[in-house]
Amino acid sequence: MIDPFGRAISYVRVSVTDRCDFRCIYCMAEDMTFLPKQDLLSLKELERLCGAFIDLGVRKLRLTGGEPLVRRGVMALINRLGLQLGHRFDELTLTTNGSQLGRFAEELVAAGVRRINVSVDTLDPDKFAAITRWGRLPQVLEGVMAAKAAGLKVKINAVALKGVNEAEFDAMLEWCGTHGFDLCLIETMPLGEIDGDRLDQYLPLSTVRARLARNWTLTPIDYATGGPARYVDVAETGTRLGFITPLTHNFCEGCNRVRLTCTGTLYMCLGQDDAADLRAVLRGSDNDAVLQEAIIAAIARKPKGHDFVIDRDHNRPALARHMNVTGG
Ligand code: SAM
Ligand code: SF4
């Protein structure tokens, strides 16, 4: 699948649920209303859609959400997709809050998952509870260690929040280095209405990087994922440190990905509203050729770049949908 700007689309991020056992302050309001069940794709429908993308040349699938591991029966989907690894596509991975990893780490490895991203914004238990509202750090750390013990390669994702975790990145880098985890810092993105004030949370990663460079030897490296992350090598730990700055445009030209929501809506760009309703196609026909045609038509509309802005006068996000719907 090649889009109009010559980019090969080889990576799909699939949100398998909008639900979550946490209520992170930058992601959801505490009283979030979730989608009615009939709007969600069934596990069978998700499998069929993933299969269509693989038929069209996609080599990497990342399951996300919401929290992918709280979707009932998700391991059945992971196992079935895992059977196609190696010959039909290269990598099956997930982004998780870690709360269920204690339970699932070994099963994930058995299914063929080799790497996972776990979101941990702070190593301070009280702050962790404040940021995630419903999450508890010991359970997550236990999950992370279970993943490590099961042989999964772990990358830790942390959203940089002004005045919240900004003093902790040295400690987090050290902890990640001790365990051999890469660390990726993320700037907050203006997605969906939340309770707090977005501009209050925004912390530019250029500032964070300059501060870290005082204590660590950071060497830019070429490691590219086709996404908005730029990586440096950390000499003292031997691990990588990534910076995800979604509000800058410098990664759009290499963008290799599209996002599928748990309702079967395909977003060709995280930062644009244009989308294709693949659920209607999926439920309207058993013919996979029709489904593939709809996907190809959507890819032909992939925009050149994104359009994030914050409506500063009203403190509203430019895009009304929440991250848990699109999948992070
Ligand atoms: N529940 C899983 C988790 O937390 O890893 C997967 C879904 S979550 C939406 C994926 C990633 O998006 C997480 O690393 C989260 O921190 C990040 N995220 C959520 N809302 C965000 C926002 N407004 N700006 C930047 N990152 C955000
Ligand atoms: Fe849940 Fe992940 Fe959103 Fe936090 S960031 S509320 S863990 S979906």
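**Salt bridges and a ligand shell**

Lys60 and Glu91 form a salt bridge in which the closest N and O atoms are 3.8 Å apart. The pair links distant parts of the chain, since Lys60 belongs to strand E2 (residues 60–64) and Glu91 to strand E3 (residues 91–96), 31 residues apart. Both Lys60 and Glu91 are buried. The model is a predicted one, and a search of the whole structure gives 14 salt bridges.

Side chains of opposite charge can pair when their charged atoms come close. Another such pair is Lys127 with Glu168, whose closest N and O atoms are 3.2 Å apart. Lys127 has a relative accessible area of 29% and is partly exposed. Glu168 counts as buried because its relative accessibility is 11%, which falls under the 20% limit.

The loop between E5 and H6 also holds Glu166, while Arg211 lies in helix H8 (residues 205–212). These two residues form a salt bridge with closest N and O atoms 3.1 Å apart, and the pair ties together parts that are 45 residues apart in sequence. Glu166, at 22% relative accessible area, is partly exposed; Arg211, at 32%, is partly exposed. Elsewhere, salt bridges with shared partners join Lys44, Glu47 and Arg80 into one network.

Which residues are around ligand 2? They are Cys20, Phe22, Arg23, Cys24, Cys27, Met28, Gly66 and Asn97. By class, this shell has 5 nonpolar, 2 polar and 1 charged residues.

Terms used. Residues are numbered from 1 along each chain as its sequence is written. Chains are lettered from A and ligands numbered from 1 in the order in which they are written. This is a predicted model: local features need pLDDT of at least 70, side-chain atom pairs count only at pLDDT 80 or more; totals for chains, interfaces and linings use all residues. Side-chain values use heavy atoms; hydrogens and water are left out. A residue is near a molecule or strand if one of its heavy atoms lies within 4 Å of it. Ala, Val, Leu, Ile, Met, Phe, Trp, Tyr, Cys and Pro count as nonpolar, Asp, Glu, Lys and Arg as charged, and the others, Gly among them, as polar. A salt bridge is a side-chain nitrogen of Lys or Arg within 4 Å of a carboxyl oxygen of Asp or Glu. Helices (H or I, at least four residues) and strands (E, at least two) are DSSP runs, numbered from the N terminus. Buried means under 20% relative accessible area, exposed over 50%, partly exposed in between (1.4 Å probe, protein chains only).
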